[in-house]
Amino acid sequence: MTSLPLLSTYRLQMRGDAFTFADAVSIVDYLDGLGISHVYLSPLLTATTGSNHGYDVVDPSTVSPALGGRAGFEHLVREVRSRGMGVIVDIVPNHVGVGDPRQNAWWWDVLRRGRDSAYASFFDIDWSEDNGADGRIALPVLGSADAVQELTVDRTGDEPVLAYYDKRFPIAPGTDDGTPAEIHARQAYRLVPWDSGLIGYRRFFTVDDLAAVRVEDPRVFDAVHAQVASWIDDDLVDGLRVDHPDGLADPSAYLERLRSLIGPQRWLVIEKILAEGEPLDMTLPVDGTTGYDALDELAAVFVDPRGDKALTAVSRTYTGSDGDAAWLHSQERDLKCSVLRSGLAPEVARLVRAIRKDTAGYGAASSAQELSDAVLRDAVTTVAARVPVYRADYAPLATMLPRIVGEVAREKPDLEPALRMLTTALATGGEAAARFGQVCGAATAKAVEDCLFYRAARLVSLQEVGGQPGRFSLGAAEFHLSWTQRARRLPRAMTTLSTHDTKRSEDVRARIGVLSQVSDLWSQRLGEWNAIAPPPDAAIGLFLWQTLFGVWPADGVVTGELRERLHNYATKALRENGTRSTWTEVDAEFEGAVTDWLDAVCGGPVGVALTGLVAELEQHVAAASLGQKLLQLLGPGVPDVYQGTELWDDSLVDPDNRRPVDFAIRKGLLGESGSVPAKFTVVKSALRLRREKPESFVDGAYVPLFAAGPGAEHVLAFGRGPTADDVDVLALSMRHTAALAATGWGDTVFHLPPGSWTDALSGRQFSGTVRPADLFAALPVAALVRD
């Protein structure tokens with residue numbers, strides 16, 4: 001392991017078609033010059049051919065040849081280590097890619113040999129006789145029930161295979177005689193219609209192409225982590241980021257085993273999405289989360305609470321609902337019930353069967369065995385829909401499920417027998433308990449992040465992974481206390497502003513968040529624009545108007561590339577929203593109308609007006625964008641810089657946020673001065689400060705600081721240092737600058753701690769009591785270092 005303290009990370013999205021290990025090697029000098037301490041790599045294992053993300057691993061035992069293989073990875077590590085930096089890698093323990101069975105040897109063997117396969121226990125397969133496929137593995141790929149007659153036998157390869165258009169499936173040895181339908185009937189799997197509601201294995205949420213693996217089995221854990229273990233043995237990595245641990249049967253046990261594998265010193269962070277008020281389970285052997293919680297706080301603290309009333313009224317006008325906490329909470333429950341009864345119905349059905357199995361012979365619960373599956377499904381759905389977190393089986397949440405079950409029992413006494421049965425199953429801690437936690441997490445992801453956050457439209461910048469849009473804004477006092485706790489309890493947790501999973505980049509969110517500062521102006525402009533270019537649907541229009549404003553180019557030039565990106569984003573947003581079009585029931589006419597509307601806006605008078613509004617609010621957007629960036633980089637935790645975000649970034653949801661980055665431009669800025677964009681200056685200066693003063697940031701103190709006077713609320717500041725009595729770095733940012741522009745600073749002052757201080761961003765010096773107008777004369781942020 002490298003001796004350099006873990007101070008910061010830079011996330012690189014590895015892509016076989018656009019950014020390989022060789023490409024990463026070519027920018028190692030740049031990352032070193034930027035001030036990064038550790039290079040953070042997206043999944044490296046062999047993934048589905050053409051994958052642009054790597055989360056669909058098909059061979060956990062090898063490093064992706066498309067990226068450069070094991071040799072390419074080792075070369076990159078040597079280059080990184082030669083500059084005193086370290087390497088962090090993202091791993092995917094929950095699932096593997098099975099979209100093309102031929103590419104996944106484990107999956108192919110299971111389909112070919114069924115329960116006799118050496119890998120049969122590797123996957124979470126439903127082998128029960130009442131699984132709807134006669135105990136076979138249901139694969140939802142057919143266009144209709146009659147499509148089995150469209151199967152053919154492909155004999156062009158080494159062995160015959162069943163073919164359904166471009167898809168191929170194995171044929172068990174000695175079963176290839178007869179018609180394709182007869183051959184199909186002899187296999188360990190059943191090809192069923194895509195909309196049949198049957199699925200023979202646990203998935204990643206509702207993605208059929210990603211099959212879950214049973215890492216709770218030590219043999220499976222070892223196989224899935226074979227390559228990872230070799231990295232540890234050969235000292236190639238300094239830490240791991242774990243994707244979606246909530247999907248596992250027992251996240252806590254898995255993380256204990258993983259910690260034993262990597263040792264006590266290596267960094268370990270988990271993609272754990274925390275709900276409002278949910279603490280991270282401190283019994284987990286991890287350094288913290290991947291930072292969605294910090295992202296949410298940084299976004300909300302720059303939202304002006306004065307815009308709440310007006311933006312709520314705007315939401316009511318165009319969507320018919322306030323979009324506030326009460327509405328969001330109600331919608332969340334309804335959407336969870338809906339997804340549990342539709343997309344996740346196979347998982348719920350399997351959970352119900354597990355409940356029956358786990359409660360057989362248990363007293364009162366046993367007498368409830370005559371309850372219908374429908375009643376049990378209703379009880380499971382009702383309880384799961386009320387779980388306000390991904391899963392409630394972590395230690396700090398021990399009282400949550402009892403309270404929820406009690407509420408349901410009081411409100412729906414007819415479910416009492418089914419609730420007793422569910423309670424017994426959960427209490428035994430068997431299969432049903434694990435599946436309940438997995439179902440709750442999937443329901444939350446599909447209902448909230450993948451649906452509700454595409455429907456609500458009060459202020460869409462708050463509708464982010466792990467976001468709390470019902471809260472609207474965060475006060476300075478709450479922010480500081482939260483970050484004080486972060487410094488004390490989770491000093492090595494990751495913080496972030498953009499990831500490969502964020503729905504909008506940090507800069508797009510910052511610009512949209514400024515609408516909270518000019519809510520009346522925004523309401524007025526919306527009225528004008530809707531009269532000139534009315535969207536096909538008012539509610540969807542409000543959502544997309546904000547997105548357009550967020551990504552609108554400062555020069556007003558909408559390129560063909562941007563227009564295509566907007567079209568693709570709108571299509572995804574409409575189908576996730578689900579009110580006018582869906583992934584399974586596409587309304588091409590409506591989607592076309594939205595695309596035409598976008599084109600009309602981009603090429604018409606509203607586009608000119610958008611350019612004017614962007615220019616009018618530019619200074620306020622800069623304050624929010626630079627402010628959140630500086631506070632993240634100098635705050636507690638280990639800040640991650642997502643690739644390319646050292647400059648203004650207009651990315652939207654994936655795959656848009658995985659586009660290749662132009663590193664040539666960024667390399668050219670390292671040695672420049674004067675004309676360097678402000679954001680680049682902030683990122684480089686802050687990262688280098690962390691590297692120069694590690695004792696002030698690694699386990700360093702966090703001290704809230706406040707201005708005094710009528711404009712005090714417009715300064716957000718904190719100090720960092722080895723101890724609270726020895727603060728030697730100050731991070732300061734303006735906020736809510738639109739209101740400030742109307743009132744001015746007045747006699748507001750900021751009392752600096754003793755000593756002489758130099759702004760690492762501008763080179764200007766300060767001491768004693770300073771006026772914010774002087775402090776922020778060069779930029780809306782300052783990073784003061786004690787001389």
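Tutor: Buried means under 20% relative accessible area, exposed over 50% and partly exposed in between, with a 1.4 Å probe and protein chains only. This is a predicted model, in which local features need pLDDT of at least 70, side-chain atom pairs count only at pLDDT 80 or more, and totals for chains, interfaces and linings use all residues. Residues are numbered from 1 along each chain as its sequence is written, and side-chain values use heavy atoms, with hydrogens and water left out.

Student: How many residues of strand 21 are buried?

Tutor: Helices (H or I, at least four residues) and strands (E, at least two) are DSSP runs, numbered from the N terminus. In a regular strand the side chains alternate between the two faces of the sheet. Strand 21 (residues 729-734) is mostly covered, with 6 of its 6 residues buried. Val 729, Ala 731 and Ser 733 point one way, Leu 730, Leu 732 and Met 734 point the other way, and all are buried.

Student: Which strands are joined to strand 21 by bridges?

Tutor: Strands of a sheet pair through backbone hydrogen bonds, either parallel or antiparallel. Two strands count as paired if DSSP finds at least two bridges between them. Strand 20 (residues 715-721) runs antiparallel to strand 21 and is joined to it by 6 bridges; Gly 719 has Leu 730 as its bridge partner in strand 21. Strand 24 (residues 781-786) is also antiparallel to strand 21, with 5 bridges, and there Val 781 is the bridge partner of Ser 733.

Student: What is the strand order in the open sheet of 3 strands?

Tutor: The order is 6-13-12, with antiparallel pairing. Strand 6 (95-97) and strand 12 (203-204) are the edge strands, each pairing on one side only. Strand 12 pairs with strand 13 (residues 207-212) over 2 bridges, and Phe 204 has Val 207 as its bridge partner in strand 13.

Student: Where does Glu 585 lie, and is Glu 585 buried or exposed?

Tutor: Glu 585 is in the loop between helix 22 (560-577) and helix 23 (588-603). Its relative accessible area is 62%, so Glu 585 is exposed. The C-alpha atoms of Glu 585 and Arg 575 are separated by 8.7 Å, the two residues being 10 apart along the chain.
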